[in-house]
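This briefing concerns a single protein chain. Please read it alongside the sequence and the coordinates.

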Amino acid sequence: MFAQLAPSPSPSPANLSHFVHRRSFRKSIYAVSASLPTANSSRPPPIQIVGGKDLNLDVTRKDDSIGFTLEPNEEEIDWMNLESDIRLWTRALRPVQWYPGHIMKTEKELREQLKLMDVVIEVRDARIPLSTTHPKMDAWLGNRKRILVLNREDMISNDDRNDWARYFAKQGIKVIFTNGKLGMGAMKLGRLAKSLAGDVNGKRREKGLLPRSVRAGIIGYPNVGKSSLINRLLKRKICAAAPRPGVTREMKWVKLGKDLDLLDSPGMLPMRIDDQAAAIKLAICDDIGEKAYDFTDVAGILVQMLARIPEVGPKALYNRYKIQLEGRCGKKFVKTLGLNLFGGDSHQAAFRILTDFRKGKFGYISLERPPL
């Protein structure tokens, strides 16, 4: 069980900073101020404990409707500690790891194509923006103009969307939120790509050269929605797209009107990933192939994460599956679901939980928060 794993050294704050929930602090202030007595109050208000775990106070509550005690999770989640716990939970599990195969060849081809690009459009998963960027991305792009696309905006809350927009704006990165399935944000992306690379033909004219189309490369991890965005921009299906990693196998240039060329590229993963917390999130969000991970392990971690996230919590898990989360053990939860619904097949139970999350059955859930 995950809960029995030996403690691991705490990761550095730099690695954990993206798990601090900005809104938690603001709402905690409101909670404290709301608990203060007023001039017109006839009796002292109930005291609301914020950050009770540091005071060693018992702030659990009993929910008689489901028959077990729930941990407090109303906006008090410590995302830094959650990240540390994910690393702890994954220590004894089979590592999430993919086989290099064509990665080295594709990486070499991409570096060659980058030389032709006027602007680079990097697509990430809006639920895990920091885990879906390649560690070599900045080195590859150099001084090239970049547009950051956070796809699947329909799967995160408006608050998370606004927090990420502010975070990237402070870094001077132009960010667009899109929904590749419905096409939201696609046309805005096309206009921005043209405007950023608008000086290309001005420089060509100064050199006595004829104008040409602006070249924009769309790159990112597998299954983050690159091909779907291109199809939406073109308003027809030119690039193969499906809700699974690895559909795009080769690089392909396509024309968008007379003045924009787009490069669709295969999903680019690093040769290996040492951060298993990030790898687990890639598996949860279906951003890597199924052969790279164990379904039961990943679903168990997801259950334990959802139990800690205020928007979900143990009660929502119980309401959906009619199973109590005993001892915070996600793997036991998965096995029990397998016994109850799938004749003891834990793999099918794990697939059900992961599919429910990927289809938004738990609501607008982001698995990362912007750094403070």
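The points below go from the overall fold to helix packing, aromatic pairs and selected loop residues.

The structure is a predicted model, in which local features need pLDDT of at least 70, side-chain atom pairs count only at pLDDT 80 or more, and totals for chains, interfaces and linings use all residues. Residues are numbered from 1 along each chain as its sequence is written, and side-chain values use heavy atoms, with hydrogens and water left out. The protein contains 14 helices and eight strands, these being DSSP runs numbered from the N terminus (helices: H or I, at least four residues; strands: E, at least two).

**Overall architecture**

- Of the 372 residues in the protein, 50% are buried; buried means under 20% relative accessible area, exposed over 50%, and partly exposed in between, with a 1.4 Å probe and protein chains only.
- Among contacts with a separation of 6 or more, 73% join residues 24 or more positions apart, where contact means heavy atoms within 4.5 Å.
- The accessible surface is about 18900 Å², and carbon and sulfur atoms contribute 52% of that surface; the areas come from the Shrake-Rupley method with a 1.4 Å probe, and for residues only the protein chains shown count as cover.

**Helix packing**

- Two packed helices are described by the angle between their axes and the distance between the axes. Axes are lines fitted to C-alpha atoms, for helices over the stretch in contact, and angles run from 0 to 180 degrees between N-to-C directions.
- Helix H10 (residues 276-284) packs against helix H11 (residues 295-308) at an angle of about 100°, and their axes are 10 Å apart. H10 is therefore roughly perpendicular to H11; angles under 35 degrees count as roughly parallel, over 145 as roughly antiparallel, 65 to 115 as roughly perpendicular and the rest as oblique.
- On the H10 side the contact is made by Ile 280, Ala 283 and Ile 284, and on the H11 side by Val 298, Ile 301, Leu 302 and Met 305. By class, the contact of H10 with H11 comprises seven nonpolar, no polar and no charged residues. In this classification Ala, Val, Leu, Ile, Met, Phe, Trp, Tyr, Cys and Pro count as nonpolar, Asp, Glu, Lys and Arg as charged, and the others, Gly among them, as polar.
- Helix H7 (residues 186-196) and H9 pack at about 85°, with their axes 9 Å apart, which makes H7 roughly perpendicular to H9.
- Ala 186, Met 187, Leu 189 and Gly 190 of H7 meet Leu 229, Arg 232 and Leu 233 of H9 in this contact. The residues of the contact of H7 with H9 comprise five nonpolar, one polar and one charged.

**Aromatic pairs**

- The whole structure holds seven aromatic pairs. Rings of Phe, Tyr and Trp (its six-membered ring) pair if their centres lie within 6.5 Å; planes under 30 degrees apart count as stacked, over 60 as edge-to-face and the rest as tilted.
- One of the pairs joins Trp 164 and Tyr 167 in an edge-to-face arrangement, at 5.7 Å centre to centre and with 80° between the planes. Both residues lie in helix H6, three residues apart, about one turn of the helix.
- Trp 164 is buried, with a relative accessible area of 0%, and Tyr 167 also counts as buried, at 16%.
- A tilted pair is formed by Tyr 321 and Phe 362, at 6.3 Å centre to centre and with 55° between the planes. The pair links distant parts of the chain, 41 residues apart: Tyr 321 lies in helix H12 (residues 313-321) and Phe 362 in the segment after helix H14 (346-358).
- Tyr 321 is buried at 6% relative accessible area, and Phe 362 is buried at 10%.
- Ring pairs also link Trp 164, Tyr 167 and Phe 168 into a cluster.

**Loop residues**

- Arg 152 has a positive phi of about 65° although it is not a glycine. Arg 152 sits in the loop between strand E4 (145-151) and helix H6 (158-170) and is buried, with a relative accessible area of 16%.
- Glu 153 belongs to the loop between E4 and H6 and counts as buried at 13% relative accessibility.
- The C-alpha atoms of Glu 153 and Arg 127 are separated by 8.0 Å, and these residues are 26 residues apart along the chain.
- Leaving aside its neighbours within four places in sequence, Glu 153 is in contact with Ala 126, Arg 161, Phe 177, Thr 178, Asn 179 and Met 184.
- Asn 223, a residue other than glycine, has a positive phi near 60°. Asn 223 is found in the loop between strand E6 (214-220) and helix H9 (226-234) and is buried, with a relative accessible area of 12%.
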